[in-house]
Amino acid sequence: MGKHNYSAENTFVTWSRQKNWNPLKVISADGCYFTDATGKKYLDMSSQLMCSNLGHGNKKIIEAIKKQAEILPYIAPSFDTDIREEVSMKLRTILPDNLTKYFYGNAGTEANEAAIKIARMYMSDKKKNKIISFYNSYHGSTLGSLQLTGDFRRRLVDSYENASEFLRVAPQFCYHCPFNLKYPECNLACAENLEYTIKNEGNVAAVILEPVTGTNGVVVPPKEFLPRVREITRENDVLLIADEVMTGFCRTGEWFAVNHYNVKPDILTSAKGLTGAYAPLSLTAVDKKIADFFDDNIFAHGHTYEAHPLMLSAASAAIDEYKERNILKHVKEMAPLFSLKLNALKEKHPSVGDVRSIGLFGAVELNKNRDKKIPFSTADDKIAGKPLIVNSVAKYAMEHGVYLNTWISHLIVAPPLIITREELEDGFRVIDEALNISDKEVEK
Ligand SMILES: Cc1ncc(COP(=O)(O)O)c(C=O)c1O
C-alpha cells in the first residue's frame, strides 16, 4: 500500500464519516470467499451488499461479459441489440406475467427513481402524484428515492427538499409493532393504517414497499399482509410498486419475493442479483396497462447507459446460471438448515432478541434487553458516530475469517446462494463465537 492510500485519501466511502477510513484491500474472490492483500481468506456470509447471489469468480458470467465486450460493448439506447432482446425474453419467463415492459438502469436507486416517475406519469391525468412508503425502508440514495426511504439515511439530507408528495407511514414489523399489537389479533392494523392514509390523502399515485424489508431487518410479513395491501391499492386505484432490489433473483427461495404471496405488483424494481453483482444493472418492470399508456404518451425518462449491452450480457449469463444450477431448489433445500442455525443462536445467546429469515435471507437482531426488546444502538447513535456493538461482533467475525454485513443493531446473514452445507456451518460457527461479545454487554 505504501505511504498513501489513494483510495482513502481521494475517494469517498459511502454513508460514513471519512476520517479514519482504513479500507481492507481485497485482491481476488472465488465462490463464497474473497481474499485480502495478505492472502487471508474470508467466507462471505452477506454476499457483499446482499448482491453476489451467485458467488464470486463465476466463469460463465465473466466469459459472457468478455464476449460482449468484443462484439459490441456500447450502443445508444435507442438502437436494438441482440443482448437486449435476449435478456428481455429471459425476464419474461421469470417475472410475474403481468409485467411486460422493462427499463434497464444502472442501480437499484435508478430503478426506483424510474418507478416513481412512471407511476406519476401514468397517474397524471387523474392528478395523482403522491407516493407512500414505509418508515423502515431503504429505496435508494438520490433525492427522489431517498424521499421514499423511511430509515435515518433520509434524515441526513431531508430538509433540502420540499417533498410533500412523498409520505411515509408506520410499517408492518410484528416484532416491533408500531401499533403495539400482536399478530393475528391486530387484524393487520398496519395495512388498515395504510388504507386510511390513502383515503385521507386523496391523490395517491403509488405505494412502494420491499416485500421483505431488507437492510432494515429482514422483516418477513405475515402471509396476509401483501395480499391485503394489493387489495387496498387496487380498490383505491393506487399502483403497487414492489422494490425487489435485494429480494429478487432467488434470494428468498422464489424468483421474486412477491411470488410467496401470489401478489402481482403494477411495477417491480430489481438490481443486485440481476447480474449477481458482476455488472451494475437494474430493472424497472411494468404492467401491460402502464406499458400501453406510453404508446401515446412520452416516456419522459432515460440514461446514456440505459440497456447497456455489457451490463445486459452479465444479466443474461446470470439468469442462465440461476436456472442451470437450479439455484431455487438449492435455496429451498438449504433454507431449513439456515433457519435452524439462526434459531440456535437465539436459543443460546442472551443478546439475540430475534432472528428472522426467508430462503437464504436472514437477520440476527441484537438487544441489550431482550425482554423489553431494547436494541444496543439506535439510528441516532449511528448518526452521532457512537461505537456500535454490532460492529464489534462483525469485527471479531472478520478476524476469524467471516464477513458479515451489519446495520444499527442487527447482522444481515445472506450468503451467496451457491453456499454448501459445510460452508454454512463454518460461517455459523464463527457467528456463534462472535456473539459472545454482545452477550457480555447485555443489561444485568
Ligand atoms: C430494497 C432496496 N432498494 C434500493 C436499493 C438501492 O440500490 P443501489 O444501492 O443499487 O442504488 C437498495 C440497496 O441496498 C435496497 O436494498
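Modeller: Two strands are taken to pair if DSSP finds at least two bridges between them, and in this predicted model strand S3 (residues 41-44) and S14 are joined by two bridges and run parallel. Asp44 stands opposite Tyr403 in S14. These strands belong to an open sheet of four strands, with the order S1-S2-S3-S14 and mixed pairing, whose edges are strand S1 (26-30) and strand S14 (402-403), each pairing on one side only. Helix H15 (residues 421-439) lies across strand S2 (33-36), S3 and S14, and its direction makes an angle of about 100° with S3.

The domain assignment of the chain gives domain 1 as 6-54 + 326-439 and domain 2 as 60-324. Seven strands form another open sheet, ordered S4-S10-S9-S8-S7-S5-S6, in which the pairing is again mixed. Helix H5 (residues 108-122) lies across S4, strand S5 (130-134), S6, S7, S8, strand S9 (267-270) and strand S10 (282-287), and runs at about 25° to S10.

As for the boundary itself, the centres of domain 1 and domain 2, taken over C-alpha atoms, are separated by 25 Å, and 38 residues of domain 1 are in contact with 41 residues of domain 2. About 3200 Å² is buried between domain 1 and domain 2, and carbon and sulfur atoms give 66% of that area. On the side of domain 1, the residues that lose the most area to domain 2 are Trp15, Leu54 and Phe361, which together make up 23% of what that side buries.

Polar interactions also cross the boundary, where 23 residue pairs are in polar contact between domain 1 and domain 2, counting pairs with both residues at pLDDT 80 or more. One salt bridge is counted between the two domains. Arg155 forms a salt bridge with Asp380, and their closest N and O atoms are 3.4 Å apart. Among the elements that give two or more residues to the side of domain 1 touching domain 2 are helix H12 (327-348), strand S12 (361-369) and helix H13 (379-383).

Methods:
Residues numbered from 1 in each chain as written. Predicted model: local features only at pLDDT ≥ 70, side-chain atom pairs only at ≥ 80, totals over all residues. Heavy atoms only, no water. Contact = heavy atoms within 4.5 Å. Axes fitted to C-alpha atoms, helices over the stretch in contact; angles between N-to-C directions. Domains from an automatic or database assignment. Buried area = accessible area lost by both parts, 1.4 Å probe. Salt bridge = Lys/Arg side-chain N within 4 Å of Asp/Glu carboxyl O. Polar contact = N/O pair within 3.5 Å; in protein donor to acceptor, adjacent residues only side chain to side chain.
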